[in-house]
Amino acid sequence: MTTATATGRTATGRTATSPPKPGRRKPMKSPYPTWFFIPAGVFYVVLFLVPTIASFYFSLTRWTLFDVEFIGFDNFIRFFQEPQLVTGFINTFIYAFLTSGAKVVFGLLFGVLLSSQIIGRGFLRATIFFPVLVSTIGVGILFKVLMDPFDGPINESLAVLGIEGPAWLTDPSIALLSVALVDIWKGVGLATLIYIAGMVAIPQEYYEAAKVDGAGAWNNFRHITLPLLRPATVTVVLLSLIGGLRSFDLIWAMTGGGPGFTSDVLASVIYKQYQAGFFGLSTAGNVVLFLVVAAIIFPLSWWLNRKEADQ
Amino acid sequence: MRNVAWKWGGGSVAILVAIVIFIVPFTFIVFTAGKTQAEASFLEFSWPTEWVFFENIVTVLQNRDWLLVRAFFNSTVLTVGAVAIMVVLGAMVGYVLQRRKSRWNPLVNTLVLAGLIIPPAVVPTIWVLQGLGLFKTLIGLIAVHVAFGLSFCILLFRAFVATIPRELDEAAIIDGAGPVKLFFRVIFPLLRSVIVTVIVVQAVFVFNDFTYALYFLPGDENATVQLTTFNYISQSVSSFNLLFADVLLITIPPLIMYIFFQRQIVAGMTSGAVKG
């Protein structure tokens, strides 16, 4: 902060002193000073860029509170050998793609539904969006109780209907899926609103023209709505994938990665290793997460946006 | 005819489903927070036979020497501090980035995108904070939130500055305004609507954040509300009424934000949907 203000003063000082020198006046100093980047840049570089770059070095070390020892790629080798860590790696993909896919499908469905002429639209939009704003920890606690295998209201309601509900969070084979389900419940409102915003931007003339050509509801949807919603879909896919790959707090609040380590994802592995004092291994996990996110998001966004430009 | 049937029939079904899926869980929080400990332990979705709502709220607040009240104070300082810094610094960058075509722009744009996509490297960040003496301090957490949240602010501000005519800048310059005055006196006030959007979206995000608080401001004594609520799970296994009173309390600030700023929140969170 202090460096920023200091540079600021010299920059303005220079503009104030330069005019008296005749002839040497270059094109007037821009009214849009580059030093405006500096204060934000200090925060960004010190607390984001430096740690990110440093993580590549620390991931190659055995790092504790007291010392750092360079050990090459041992952390990464360990990362892909211990079944516990490999599970977390695979679960990250399952979780991210499942939640992202479901948010696209349900978001599109609800978006189209809530753009049509039905009663209670405002109420429905407000209701579906509110969970997006509620604290993830609160939602996690709520559903941990609702999904209780014995006394939980969900299974008791299912019992009334004659269905034996699964042991949502305590059954190792579905714990991750249960958390993903809650993630979808919490996040589908955002996807819906993005789709609604996309629907609003579609000119009504297209539908009128299609009506003249005798197109039905399905053709309208298939050939007008769906293609023109492409930017909205791109946004939903990218946003939910970025969020899904990094997601931590919901999983941590609901299962803590358990039972055992069956619902661990990369982000929870990183935290567990950090807690256990394996800073190097934890940072290696972070680098793996970085590479996973980059390897998925960059090509995907390039591909999605290119297709859009082609049309 | 079909339209009328769809309007009323489809609408009613949708409302019914929305109530079961979205309203009932939140009502469960309120009901459970109003029950006595014995009744709450049945985990039933039912009207409390005896409402002890306010007693529960008071108990939760007083618990462990007003821990939750202190946590609310910390969360408020964190949210206000981080959002205020983010808004001013983000607006400065977004403004210059949009107005001036300099050779720095491609670099800055790349860094902004990187900030949105790349997951922060947590342990090295702790290492940096420790070096600065800011680890486990509220100021450290504020700085971290600023660093991680700037990218989003810059994107919104850059898009909005593009809608402000350059003639305005020129008029102000002719009137003798320097760069600082031009920005803070002329441009910044014109950004009001996008500033409100950025404030509410980031305030909800910072207030609800759990992960960064867990890493950078751990412990119980000096924690934020999300952290104390999380720690509360392990302490109050048997008293679900108090646990849910706590959950209800931390849900209220975002709810208030939503009631007053629904339009801005929606605008901020869905920005980019049309442009891609």
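The following dialogue examines how terms are applied to this predicted model.

Guide: Local features here need pLDDT of at least 70 and side-chain atom pairs count only at pLDDT 80 or more, while totals for chains, interfaces and linings use all residues. Residues are numbered from 1 along each chain as its sequence is written, chains are lettered from A in the order in which they are written, and side-chain values use heavy atoms, without hydrogens and water.

Visitor: Why is B:F31 called buried?

Guide: Buried means under 20% relative accessible area, exposed over 50%, and partly exposed in between, with a 1.4 Å probe and protein chains only. B:F31 has 12% relative accessibility and therefore counts as buried.

Visitor: Why does B:W47 count as exposed?

Guide: Its relative accessibility is 57%, so B:W47 counts as exposed.

Visitor: What makes B:F31 and B:W47 an edge-to-face pair?

Guide: Rings of Phe, Tyr and Trp (its six-membered ring) pair if their centres lie within 6.5 Å; planes under 30 degrees apart count as stacked, over 60 as edge-to-face and the rest as tilted. For B:F31 and B:W47 the centres are 5.3 Å apart and the planes 75° apart, hence edge-to-face. B:F31 belongs to helix 1 (residues 2-33) of chain B and B:W47 to the loop between helix 2 (37-40) and helix 3, so the pair ties together parts 16 residues apart in sequence. Helices are DSSP runs of H or I with at least four residues, numbered from the N terminus.

Visitor: Why is the pair of A:F248 and A:W252 called stacked?

Guide: The ring centres of A:F248 and A:W252 are 5.5 Å apart and the angle between the planes is 20°, which meets the stacked criterion. Both A:F248 and A:W252 are buried.

Visitor: What makes the charged end of A:R78 sit over the ring of A:F278?

Guide: The term requires NZ of Lys or CZ of Arg within 6 Å of the ring centre and within 35 degrees of the ring normal. The charged end of A:R78 sits over the A:F278 ring, 5.3 Å from its centre.

Visitor: How do you know that helix 11 of chain B is largely enclosed?

Guide: Of the 11 residues of helix 11 (residues 225-235) of chain B, 8 are buried, so the helix is largely enclosed by the rest of the structure. Among the buried residues are B:F230, B:Y232 and B:I233. The cover includes helix 6 (136-146) and helix 12 (249-254) of chain A, together with helix 3 and helix 9 (192-208) of chain B.

How values were computed: Helix = DSSP H or I, 4+ residues; strand = E, 2+ residues; numbered from the N terminus. Contact = heavy atoms within 4.5 Å.
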